[in-house]
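Take a look at the picture and the sequence first, then read on.

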Amino acid sequence: MGTKIIAGKEVQVNDEGFMTDPSEWNKDIAAAIAAEEGVAELTDGHWKIIDYCRDSAPSSTATPPTLRQITTGTGVPPRSCSHCSRRYSAKKVAKISGLGKPEGGPICG
């Protein structure tokens, strides 16, 4: 583990770049990570998913929700969310949300 400067703030990250302390996360960090991940702008649809993930992750483990929980909880069907690219995955959502690495497939596609 190490640290990384994201949006001007030093945060704890693991070897894959996932934040290890979700309390260090903020919306500026989310936007900066999104840009690094190829998401130029976070839309209302993105924020709906990000907010759901942050709200539903247990604070003790910061484990992100599963793909099924995300799509069920947000009402965003896995194959029809038009606000994200086909490369927008549960892994990318967790990273942008400041949570740990999930075990899941893509949200779209």
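## Strands, helices and cores

Thr 3 stands opposite Gln 12 in β2, and Gly 2 stands opposite Val 13 in that strand. Both pairs belong to the antiparallel pairing of strand β1 (residues 2-6) with β2, which runs over 5 bridges; two strands count as paired if DSSP finds at least two bridges between them. The hairpin of β1 and β2 has 2 residues between the strands, and Ala 7 there takes a positive phi near 55°.

Before going further, a word on the source: this is a predicted model, in which local features need pLDDT of at least 70 and side-chain atom pairs count only at pLDDT 80 or more, while totals for chains, interfaces and linings use all residues. Residues are numbered from 1 along each chain as its sequence is written, and side-chain values use heavy atoms, leaving out hydrogens and water.

**The whole chain.** How many helices and strands does the chain have? There are 4 helices and 2 strands, in the order β-β-α-α-α-α from the N terminus. Helices (H or I, at least four residues) and strands (E, at least two) are DSSP runs, numbered from the N terminus. Of the 109 residues, 41% count as buried, meaning under 20% relative accessible area, with exposed being over 50% and partly exposed in between (1.4 Å probe, protein chains only). The accessible surface comes to about 6000 Å², and 47% of this belongs to carbon and sulfur atoms; such areas come from the Shrake-Rupley method with a 1.4 Å probe, and for residues only the protein chains shown count as cover. Among contacts (heavy atoms within 4.5 Å) between residues at least 6 apart in sequence, 50% join residues at least 24 apart.

**The cores.** In soluble globular proteins, nonpolar side chains tend to be buried together. A nonpolar core is a set of buried Ala, Val, Leu, Ile, Met, Phe, Trp, Tyr and Cys residues joined through side-chain atoms within 4.5 Å. The largest one here has 14 residues, and Met 19, Trp 25, Ile 29, Leu 42 and Ile 96 have the most contacts inside it. Elements giving two or more residues to this core are β2 (9-13), α1 (27-36) and α2 (44-56), with the largest share, 4 residues, coming from α1. Apart from this core lies another, of 8 residues, including Cys 53, Ala 62, Val 76 and Val 93.

| Residue | Relative accessible area |
|---|---|
| Thr 74 | 6% |
| Ala 30 | 0% |

Ala 30 is found in helix α1. Leaving aside neighbours within four places in sequence, Ala 30 is in contact with Trp 25, Leu 42, Trp 47 and Ile 96. Ala 30 and Ile 50 are 20 residues apart in sequence and 8.9 Å apart in space, C-alpha to C-alpha.

Thr 74 lies in helix α3 (residues 67-74). Not counting residues up to four places away in sequence, Thr 74 touches Lys 48, Ile 49, Tyr 52 and Gln 69. A polar atom of the Thr 74 side chain also lies 3.3 Å from the backbone nitrogen of Val 76.

Note on methods. Polar contact = N/O pair within 3.5 Å; in protein donor to acceptor, adjacent residues only side chain to side chain.
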